Amino acid sequence: MAEKRDYYEVLGVEKNANADEIKKAYRKAAIKFHPDKNPGDKEAEEKFKEAAEAYDVLSNPDKRARYDQFGHA
């Protein structure tokens with residue numbers, strides 16, 4: 001299995017980014033890599049899933065605190 005990238009790096013935000021910055025970065029990535037915009041592009045599909053996973057963690061204060069403390073572990 002490939003090493004997971006840092007969620008902040010995936011979304012292109014700083015570690016001290018607020019919820020609005022995270023949401024804006026996720027929406028930008030989601031539009032860019034959405035499977036409907038990139039039919040048949042497996043790399044774009046993977047990046048879309050990666051961005052969704054990053055947003056799921058970083059948009060939830062509890063999950064984000066755990067991620068900041070422990071990383072992907």
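**Aromatic pairs, helices and nonpolar core**

Three aromatic pairs are counted when rings of Phe, Tyr and Trp (its six-membered ring) are paired at centres within 6.5 Å, with planes under 30 degrees apart taken as stacked, over 60 as edge-to-face and the rest as tilted. The model is predicted: local features need pLDDT of at least 70 and side-chain atom pairs pLDDT 80 or more, whereas totals for chains, interfaces and linings use all residues. Residues are numbered from 1 along each chain as its sequence is written, and side-chain values use heavy atoms, with hydrogens and water left out.

The rings of Tyr8 and Tyr67 have centres 6.1 Å apart and planes at 45°, so this pair is tilted. Tyr8 belongs to helix H1 and Tyr67 to helix H4, so the pair ties together parts 59 residues apart in sequence. Helices here are DSSP runs (H or I, at least four residues), numbered from the N terminus. Tyr8 has a relative accessibility of 2% and counts as buried; the relative accessible area of Tyr67 is 8%, and Tyr67 is buried too. Buried denotes under 20% relative accessible area, exposed over 50%, and partly exposed the range in between (1.4 Å probe, protein chains only). Ring pairs link Tyr7, Tyr8 and Tyr67 into a cluster.

The largest nonpolar core has 19 residues, of which Tyr7, Leu11, Val13, Ile22, Ala51, Leu58 and Tyr67 touch the most other members. Helices H1 (7-11), H2 (19-33) and H3 (42-58) are the elements that give two or more residues to this core. Such a core is a set of buried Ala, Val, Leu, Ile, Met, Phe, Trp, Tyr and Cys residues joined through side-chain atoms within 4.5 Å.

Helix H2 has 15 residues and reaches 21 Å from its first C-alpha to its last, close to the 21 Å expected at 1.5 Å a residue; the expected span is 1.5 Å times one less than the number of residues. Its buried residues are Ile22, Ala25, Tyr26, Ala29, Ala30 and Phe33. Seen down the axis of H2, these residues fall within an arc of 135°, so they line one face of the helix; the arc is that of the directions from the helix axis to the C-beta atoms. The face of H2 turned away from the buried side carries the exposed residues Asp20, Lys24, Arg27, Lys28, Ile31 and Lys32. The buried residues of H2 pack against H1, H3 and H4, with contact meaning heavy atoms within 4.5 Å.

Ala44, Phe48, Ala51, Ala54, Val57 and Leu58 are the buried residues of H3, and they pack against H1, H2 and helix H4 (61-70). At the start of H3, a side-chain oxygen of Asp41 reaches to within 3.1 Å of the backbone nitrogen of Glu43.

Ala51 touches Val10, Leu11, Tyr26 and Ala29. Ala54, at 0% relative accessibility, touches Tyr7, Val10 and Leu11. Ala54 and Arg5 are 49 residues apart in sequence, with a C-alpha to C-alpha distance of 9.4 Å. Val10, in helix H1, is buried at a relative accessible area of 15% and is in contact with Arg5, Glu50, Ala51 and Ala54.

Note on methods
Polar contact = N/O pair within 3.5 Å; in protein donor to acceptor, adjacent residues only side chain to side chain. Lists of a residue's contacts leave out its neighbours within four places in sequence.
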